[in-house]
Amino acid sequence: SVTDIDGLMQVVIENGKAYVKNSVCPNGACEHSAPVSASGESIICLPNKIMIKISGETEMDAISG
């Protein structure tokens, strides 16, 4: 599934992994981050002040921004 975060980025969650599909940040580093799937892994977009963090043992719990 694709989740839009305040028009700033689109996060895709599929096959137990999450990754940033599109972002409006100037350098796009979050778009080039590897997909995250394990507890404790994260993708951070500093310009948009958004962090995608995997918490729990096996499933994604939330996206915060």
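Visitor: Which residue in β2 is the bridge partner of T3?
Guide: V11 is the β2 residue bridged to T3. Keep in mind that this is a predicted model.

Visitor: How do β1 and β2 pair, and over how many bridges?
Guide: Strand β1, residues 2–5, runs antiparallel to strand β2, residues 9–14, with 4 bridges between them.

Visitor: What about the hairpin of β1 and β2, which residue there has a positive phi?
Guide: D6 does, with phi near 50°. That hairpin has 3 residues between its strands.

Visitor: Next pair. In what sense do β2 and β3 pair?
Guide: Antiparallel, over 6 bridges. Within that pairing, Q10 stands opposite N22 of β3.

Visitor: And how many residues sit between the strands in the hairpin of β2 and β3?
Guide: There are 2 residues between β2 and β3. N15 takes a positive phi near 50° in this hairpin.

Visitor: Switching to S23. Where does it lie?
Guide: S23 is in strand β3, which covers residues 17–23.

Visitor: Buried or exposed?
Guide: S23 counts as buried, because its relative accessible area is 14% and the cut-off for buried is under 20%.

Visitor: Which residues does S23 touch, leaving out those up to four places away in sequence?
Guide: L8, M9, C30, E31, C45 and N48.

Visitor: Which side chain does the S23 side chain join in a polar contact?
Guide: That of N48, at 3.1 Å. N48 is also in the list of residues that S23 touches.

Conventions
Residues numbered from 1 in each chain as written. Predicted model: local features only at pLDDT ≥ 70, side-chain atom pairs only at ≥ 80, totals over all residues. Heavy atoms only, no water. Buried < 20%, exposed > 50% of the residue type's maximum accessible area, 1.4 Å probe, protein only. Polar contact = N/O pair within 3.5 Å; in protein donor to acceptor, adjacent residues only side chain to side chain. Contact = heavy atoms within 4.5 Å. Pairing = 2+ DSSP bridges.
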